[in-house]
Amino acid sequence: YLTSITVQIRQGQGAKLDLKLNEIRASGKHLLPGTAARYIVRSQDNQDEVQIVLVWRSAIMPPGEQREAALDELRADLDEILAWETAVYKESQVVMHA
């Protein structure tokens, strides 16, 4: 399963995002149990746009309530930096893996 979240960076918060992501990486926060991969990428076309991509392993994927609680923690940690009211969420099922 794949979760994709596209969200805007609040005005003037781009540098703070970089610092916060380094802090999150160094501390091992927001590993989101059940994920095989977690990516946060900045659009090359629009530097004020971030995409969060989460790849879930179906065999160890936690129930929806636990996944949502983990996402709530991530959203809270990045609330001053990302404009969550602009977020577009997509949930997908992987049909082929190579």
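Guide: Helices and strands here are DSSP runs, numbered from the N terminus; a helix needs at least four residues and a strand at least two. By that naming, His30 lies in the loop between H1 and E2. Note that this is a predicted model.

Visitor: Why is His30 called buried?

Guide: Buried means under 20% relative accessible area. His30 has 17%, so the label applies. Its phi is positive, about 60 degrees, although His30 is not a glycine.

Visitor: What makes Leu32 buried, and where does Leu32 lie?

Guide: Its relative accessible area is 4%, under the 20% cut-off, so Leu32 is buried. Leu32 lies in the loop between H1 and E2. Phi of Leu32 is near 50 degrees, again a positive value in a residue other than glycine. Gly28, which follows H1, has a positive phi too, near 75 degrees.

Visitor: How do you know that the span of H1 agrees with its number of residues?

Guide: The expected span is 1.5 Å times one less than the number of residues. For the 14 residues of H1 that gives 20 Å, and the end C-alpha atoms are 20 Å apart, so the two agree.

Visitor: Which residues of H1 are buried?

Guide: They are Gly14, Leu17, Lys20, Leu21 and Ile24. Seen down the axis of H1, these buried residues fall within an arc of 110 degrees, so they line one face of the helix. They pack against E1, E2, E3, H2 and E4. The face turned away from the buried side of H1 carries Ala15, Leu19 and Ala26, which are exposed.

Visitor: How do you know that the span of helix H2 agrees?

Guide: Helix H2 covers residues 64-77, which is 14 residues. At 1.5 Å a residue it should span 20 Å; the end C-alpha atoms are 20 Å apart, so the value agrees.

Visitor: What makes the buried residues of H2 one face of the helix?

Guide: The buried residues of H2 are Ala70, Leu71, Leu74, Arg75 and Asp77. Down the axis of H2 they fall within an arc of 165 degrees, so they line one face. Their cover includes strand E1 (2-9), helix H1 (14-27), strand E3 (49-56) and strand E4 (82-92). On the other side of H2, Glu65, Glu73 and Ala76 are exposed.

Visitor: Why is the pair of Arg75 and Glu68 called a salt bridge?

Guide: The rule asks for a side-chain nitrogen of Lys or Arg within 4 Å of a carboxyl oxygen of Asp or Glu. Arg75 and Glu68 meet at 2.4 Å, N to O, so the pair qualifies. Arg75 is buried, at 12% relative accessibility. Glu68 is partly exposed, at 38%.

Visitor: How many salt bridges does the structure hold?

Guide: The structure holds 9 salt bridges.

Visitor: What makes Arg67 lie over the face of Trp56?

Guide: The distance limit is 6 Å from the ring centre, and the charge must also lie within 35 degrees of the ring normal. Arg67 is at 5.8 Å from the ring centre and lies over the face of Trp56.

Visitor: Why is Leu2 called partly exposed?

Guide: Its relative accessible area is 26%, between the 20% and 50% cut-offs, so Leu2 is partly exposed. Leu2 lies in strand E1. Among the residues that Leu2 touches are Val53, Trp56 and Lys90.

Note on methods:
Residues are numbered from 1 along each chain as its sequence is written. This is a predicted model: local features need pLDDT of at least 70, side-chain atom pairs count only at pLDDT 80 or more; totals for chains, interfaces and linings use all residues. Side-chain values use heavy atoms; hydrogens and water are left out. Buried means under 20% relative accessible area, exposed over 50%, partly exposed in between (1.4 Å probe, protein chains only). The arc is that of the directions from the helix axis to the C-beta atoms. Contact means heavy atoms within 4.5 Å. Lists of a residue's contacts leave out its neighbours within four places in sequence.
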